[in-house]
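Student: I have a model open and would like to learn how to read it. Please take me through it one feature at a time.

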Amino acid sequence: MRRLIEVQLPLAADDIDEWSVWIQFWNQAMLEPLLRPAQRRIYSGWYRVVVDVLHECRSEGLAPEADIEALADRFTAMVDGLAIQILANSTDMQPDRMRALLLHAFEPHLDLTDQL
């Protein structure tokens with residue numbers, strides 16, 4: 001799960017470019033209904049990755065009581081929202097703060113911070 005958080009952080013120029021393309025695609029899909037199925041398919045694939053990682057956490061005993069779907073919803077919403085804040089420069093959000101917020105957001109469901 002920590003690795004999943006790390007790969008979502010907009011740290012390098014390539015990360016920022018990838019996030020920018022994704023945000024523009026979201027916007028375009030909202031304006032052009034023909035793009036919506038592709039956007040949904042791509043995003044659903046990302047969501048399944050998150051769910052699979054959370055199931056793996058559960059199988060390793062890290063999330064025995066967790067509602068996997070609810071955690072996946074919260075994780076994807078937080079990642080998207082925080083990354084948009086960074087790219088839009090609409091707040092003082094920075095990648096280090098994004099990382100910390102994501103690591104702490106899932107306690108007590110997942111213990112991600114004790115090994116930092």
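Student: How does the radius of gyration of the chain relate to that of a compact globule?

Tutor: The radius is taken over C-alpha atoms, and the globule rule is 2.2 Å times the number of residues to the power 0.38. For 116 residues the rule gives a value near 13 Å, and the chain has 15 Å, which agrees. Along the principal axes, the C-alpha atoms fill a box of roughly 45 × 30 × 20 Å.

Student: What should I know about the model before going on?

Tutor: It is a predicted model, in which local features need pLDDT of at least 70 and side-chain atom pairs count only at pLDDT 80 or more, while totals for chains, interfaces and linings use all residues. Residues are numbered from 1 along each chain as its sequence is written, and side-chain values use heavy atoms, with hydrogens and water left out.

Student: How many helices and strands does the chain have?

Tutor: Both are DSSP runs numbered from the N terminus: helices are H or I with at least four residues, strands are E with at least two. This chain has 5 helices and 0 strands, so the order from the N terminus is α-α-α-α-α.

Student: What share of the residues is buried?

Tutor: Buried means under 20% relative accessible area, exposed means over 50%, and partly exposed is in between, with a 1.4 Å probe and protein chains only. In this chain, 34% of the 116 residues are buried. The accessible surface, from the Shrake-Rupley method with a 1.4 Å probe (for residues, only the protein chains shown count as cover), is about 7200 Å², and 55% of that belongs to carbon and sulfur atoms.

Student: Which residues of the largest nonpolar core touch the most other members?

Tutor: A nonpolar core is a set of buried Ala, Val, Leu, Ile, Met, Phe, Trp, Tyr and Cys residues joined through side-chain atoms within 4.5 Å. The largest one here has 29 residues, and Val50, Leu54, Phe75, Met98 and Leu102 touch the most other members. Two or more residues each come from helix H1 (2–8), helix H2 (13–31), helix H3 (36–59), helix H4 (68–88) and helix H5 (95–105). H4 gives the largest share of this core, 8 residues.

Student: What does Val50 touch?

Tutor: A contact means heavy atoms within 4.5 Å. Leaving out residues up to four places away in sequence, Val50 touches Leu4, Ala72, Phe75 and Thr76. For the chain, among contacts between residues at least 6 apart in sequence, 56% join residues at least 24 apart.

Student: Is Gln8 buried or exposed?

Tutor: Gln8 is found in helix H1 and is buried, with a relative accessible area of 14%. Not counting residues up to four places away in sequence, Gln8 touches Trp19, Trp46, Val79 and Met98.

Student: Where is Asn89 found?

Tutor: Asn89 is found in the loop between H4 and H5. Its relative accessible area is 60%, so Asn89 counts as exposed. Asn89 is not a glycine, yet has a positive phi of about 55°.

Student: How exposed are Ala77 and Glu107?

Tutor: Ala77, in helix H4, is partly exposed at 47% relative accessible area. Glu107, in the segment after H5, is also partly exposed, at 31% relative accessibility.
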